[in-house]
Amino acid sequence: MAKTSLDKAKIKFLLLEGVHQSAVDALHAAGYSNIDYYQKALPDDELKQKIADAHFVGIRSRTQLTADVFDSAKKLIAVGCFCIGTNQVDLKAATERGIAVFNAPFSNTRSVAELVIAEAILLLRGIAEKNAAAHRGEWMKSAVGSYEIRGKRLGIIGYGSIGMQLSVIAEGLGMEVCFTDVVNKLPLGNAVQVSLGELLATSDIVSLHVPETASTQDMIGANELAQMKSGAILINASRGTVVDIDALCNALSDARLSGAAIDVFPEEPRGNNDEFVSPLREFDNVFLTPHIGGSTVEAQQNIGLEVADKLVKYSDNGTTTSSVNFPEVALPAHPGKHRILHVHRNVPGILSAINQIFSENNINISGQYLQTNDQVGYVVMDLDKDSGALAQEKLSQIPDTIRCRLLF
């Protein structure tokens with residue numbers, strides 16, 4: 001449990017997997033200079049060693065932050081996922097240890113949507129197969145099985161930030177758009193919400209944009225592929241566990257689908273020097289891309305800025321807005337006051353105990369904000385400067401306290 005706030009020069013950031021330079025620049029601009037930077041993910045043993053004295057860690061998709069890793073990170077107060085997903089982080093373990101987790105849910109939506117559109121156009125034209133044949137010296141000049149994208153029906157499974165962006169671009173190209181989602185959504189443009197069954201049966205192109213959850217595990221399997229329109233195209237740029245790869249191979253072998261584009265896989269190489277293994281490698285009419293949906297210069301730069309800004313705000317003033325596992329709290333600054341952050345298990349009586357301490361010790365509160373979720377409560381308190389140290393000492397002794405930090 002942290003006892004005092006630190007000078008910015010002593011606050012350590014561990015950045016892994018070649019996080020974009022924009023993140024480093026943003027941290028430097030905010031006054032943070034103690035940055036340990038690595039181009040690749042680290043093996044577990046080295047990760048545990050490096051994270052032991054880090055206050056913040058920044059990762060992309062390869063680094064796995066498990067409960068075991070968190071046990072080695074006694075000083076860690078926040079994780080920045082420089083990507084959309086957070087499935088590489090044990091969120092329950094992070095929350096139990098008072099570690100806030102942030103991500104970038106919007107910064108690469110355009111990049112993913114553009115990749116899907118590009119692959120859809122190329123697959124409709126049979127470019128994947130023709131390109132592979134040309135590399136073997138074959139010449140496949142023919143209009144048979146080659147189609148324009150205009151007038152085709154796009155089915156989007158998961159109408160979130162990426163799905164909506166894709167919907168708008170597709171309509172601009174003259175496509176008809178339908179979508180399905182677990183909740184009712186207000187469509188953009190002329191898109192219509194339909195059932196999964198109707199989407200599969202009527203769409204020329206099906207594109208997946210769902211998170212990795214128990215309910216999305218193998219959500220596109222043999223039964224769903226059998227429901228798809230004959231000659232349709234499947235695109236997955238969401239999560240590798242969403243599509244049953246063996247079932248997809250069978251559908252391609254039987255020519256029920258005319259092609260596919262897969263950017264994410266159940267098992268992916270740890271690095272660029274490791275072999276990519278997949279039964280889909282045998283199909284010329286399948287685009288296989290190495291999890292690069294959001295890998296554009298623009299997207300990575302924006303992600304670097306977005307996540308770094310969230311980490312800086314949490315470090316500077318305790319703001320947790322848009323955290324994926326913490327109650328969202330934001331308080332304006334109160335000059336001349338001390339700010340204390342109190343993270344505790346969400347059990348009855350904590351706020352009462354906090355206020356009792358203030359009352360018994362005649363401590364005046366200039367500002368206080370409490371928010372909870374299922375696991376934890378998070379209180380931000382601004383107090384008179386002459387009461388800060390005493391308040392932190394007393395608050396740290398409250399049962400079920402996870403972390404109590406004097407910020408400034």
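Colleague: What makes a helix crossing right-handed or left-handed?
Modeller: A crossing is right-handed if the near helix is turned clockwise from the far one by less than a right angle, and left-handed if anticlockwise. In this predicted model, α1 passes α11 in a right-handed crossing.

Colleague: At what angle do helix α1 and helix α11 pack, and how far apart are their axes?
Modeller: Helix α1 (residues 21-29) and helix α11 (residues 297-317) pack at about 30°. Their axes are 7 Å apart.

Colleague: How do you know which residues make the contact?
Modeller: Contact means heavy atoms within 4.5 Å. From α1, Ser 22, Ala 23, Ala 26 and Leu 27 take part. From α11 come Gln 300, Gln 301, Gly 304, Leu 305, Ala 308 and Val 312.

Colleague: How do the residues of that contact divide into nonpolar, polar and charged?
Modeller: Six are nonpolar, four are polar and none is charged.

Colleague: Why are β14 and β15 called a pair?
Modeller: A pair needs at least two bridges. β14 and β15 (residues 376-384) have seven, in the antiparallel sense, so they qualify. Within these strands, Leu 370 stands opposite Val 379.

Colleague: What makes β14 and β16 edge strands?
Modeller: The open, antiparallel sheet runs β14-β15-β13-β16. β14 (365-372) and β16 (401-406) each pair on one side only. Neighbouring strands are turned by 10° against each other on average, direction ignored.

Colleague: Which helix packs on this sheet?
Modeller: Helix α13 (residues 388-396) does, touching β13 (337-345), β15 and β16. The direction of α13 makes about 170° with that of β16.

Notes: Residues are numbered from 1 along each chain as its sequence is written. This is a predicted model: local features need pLDDT of at least 70, side-chain atom pairs count only at pLDDT 80 or more; totals for chains, interfaces and linings use all residues. Side-chain values use heavy atoms; hydrogens and water are left out. Helices (H or I, at least four residues) and strands (E, at least two) are DSSP runs, numbered from the N terminus. Axes are lines fitted to C-alpha atoms, for helices over the stretch in contact, and angles run from 0 to 180 degrees between N-to-C directions. Ala, Val, Leu, Ile, Met, Phe, Trp, Tyr, Cys and Pro count as nonpolar, Asp, Glu, Lys and Arg as charged, and the others, Gly among them, as polar.
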